[in-house]
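Have the viewer open while you read.

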Amino acid sequence: MKKKVLSLVLATAMAVSMLAGCGNNQQAAAPAESAPASTQAAAPAESAPAEKEAVEQVTLNLAYMPNYGSLWSIENAIEQGYLAEEGITVNLTEFADGPGIIAAMESGSIDIGYIGQGAHKLCINGQATIFALSHISNGDMLIGGPGITSIEELAGKKVAYSSGTSSEDILVKSLAKAGMTMDDIVAVDMDATGIVSAIISGGVDAAATWSPNSLKILEEVEGAVKLTDNMTFSDETISLASWIVMPKFAEENRDVLVRFTRALFKAMDYAANDHQQETAALVAKQVALDEATVYEQRGDAQWLTGKEVAKGAADGTVEGYYELQKKSFIEAGAVEGDPAVSDYVLLDVMVEAGKY
């Protein structure tokens, strides 16, 4: 990174912001000590364009889940200084699943959150607004315990899942593939954090969950078999991961969303292909797991660059992804009505954020 250039830009932005006394409905600006520019030596004046407009310093409370897919871009947006360039500081808070994140956002304790496939149905139903596509996921699995090698063998068996999440989504799809429904199994609804211990202890016969839980089960349960994953259904649906906010936040803070998404897209460009080992180390530190375990999760998705997402948002590709996702939820009876994708996905934010 060009740390000296970045330092002067940040120092200049903060000084101009303080003198202008600018402010709106954003949260209070981050303290000066959180910006390294105040303590680092200034770069030569000619390296920092004088015409660069100052941006308001904003602190955002951000929700994530403890896996590579949730953190791969945001950790690099922090580490590589892309958020700092946009005048944004984030406070990270861990959650077990998407519905829990949306509930926290509704309470006002979280501003921005990451969700996996299952929680998208809540966005379609109008509870939250999507402003950035993160990646195309393949981290969800239905896993049979010892002795279970097919979906049909789940009949009458205890299957652990977490309702309202991608866990439930892949379980329902898998059963339908075999001509079955939830009524054909003993569905055991539990918190996502309890699924691994339930199948390891033999309390359930199978489990529907996501990475890294799925990888841990396959590693620790002798005889465990992957029955399905997201790619099993790639011809009929798509599994997406996205960044979301409350509709009101989106209406009042569009500029902040564009700035945040621009930083995110730059991080995605950085991390998608060439820096996965480095990214795994950052994620491992945040979630307190060993680096090798996190690195294994790099196969859980198609890691899109920010440029790819922005281009796809402009040419209709991204809208097509969300349309296909919505269609599968409608067919499963998981959503109410058939809103236009543009009603709950801010494609324009992705397009604008991609102009860097």
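1. The largest nonpolar core has 77 residues, and the members touching the most others are Leu60, Ile74, Ile112, Trp243, Phe260 and Met350. A core here is a set of buried Ala, Val, Leu, Ile, Met, Phe, Trp, Tyr and Cys residues joined through side-chain atoms within 4.5 Å. Buried means under 20% relative accessible area, exposed over 50%, and partly exposed in between (1.4 Å probe, protein chains only). Helix H10, residues 254–271, supplies the largest share of this core, eleven residues. There is also a second, separate core of 15 residues, with Leu142, Ile151, Ala206 and Ala208 among them.

2. Some housekeeping before going on. This is a predicted model, where local features need pLDDT of at least 70 and side-chain atom pairs count only at pLDDT 80 or more, while totals for chains, interfaces and linings use all residues. Residues are numbered from 1 along each chain as its sequence is written, and side-chain values use heavy atoms, with hydrogens and water left out. Helices (H or I, at least four residues) and strands (E, at least two) are DSSP runs numbered from the N terminus.

3. On to salt bridges, meaning a side-chain nitrogen of Lys or Arg within 4 Å of a carboxyl oxygen of Asp or Glu. The whole structure has eleven of them. Arginine 262 sits in helix H10 and glutamate 86 in the loop between helix H3 (82–85) and strand S2 (88–94), so the pair links parts of the chain 176 residues apart. Both arginine 262 and glutamate 86 are buried.

4. A local pair for contrast: aspartate 169 and lysine 173 meet in a salt bridge at 2.9 Å, N to O. Why are they separated by about one helical turn? Because they are four residues apart in helix H6 (residues 166–177). Aspartate 169 is buried, at a relative accessible area of 11%, and lysine 173 is buried too, at 14%.

5. Now look at aspartate 338 and lysine 326, a salt bridge whose closest N and O atoms are 2.7 Å apart. Aspartate 338 is in the loop between H14 and helix H15 (347–353), while lysine 326 is in helix H14, twelve residues away. Elsewhere, salt bridges with shared partners join Arg254, Asp348 and Glu352 into one network.

6. Two contacts across sequence are worth a click. Phenylalanine 329, in helix H14 (residues 317–331), is buried with a relative accessible area of 1%. Alanine 281 lies in helix H11 (residues 276–287) and is partly exposed, at 29% relative accessibility. From alanine 281 to tyrosine 68 the C-alpha distance is 10.0 Å, with 213 residues of sequence separation.

7. Last, glutamate 296. This residue is in the loop between helix H12 (291–295) and strand S11 (301–302), and at 48% relative accessibility glutamate 296 counts as partly exposed.
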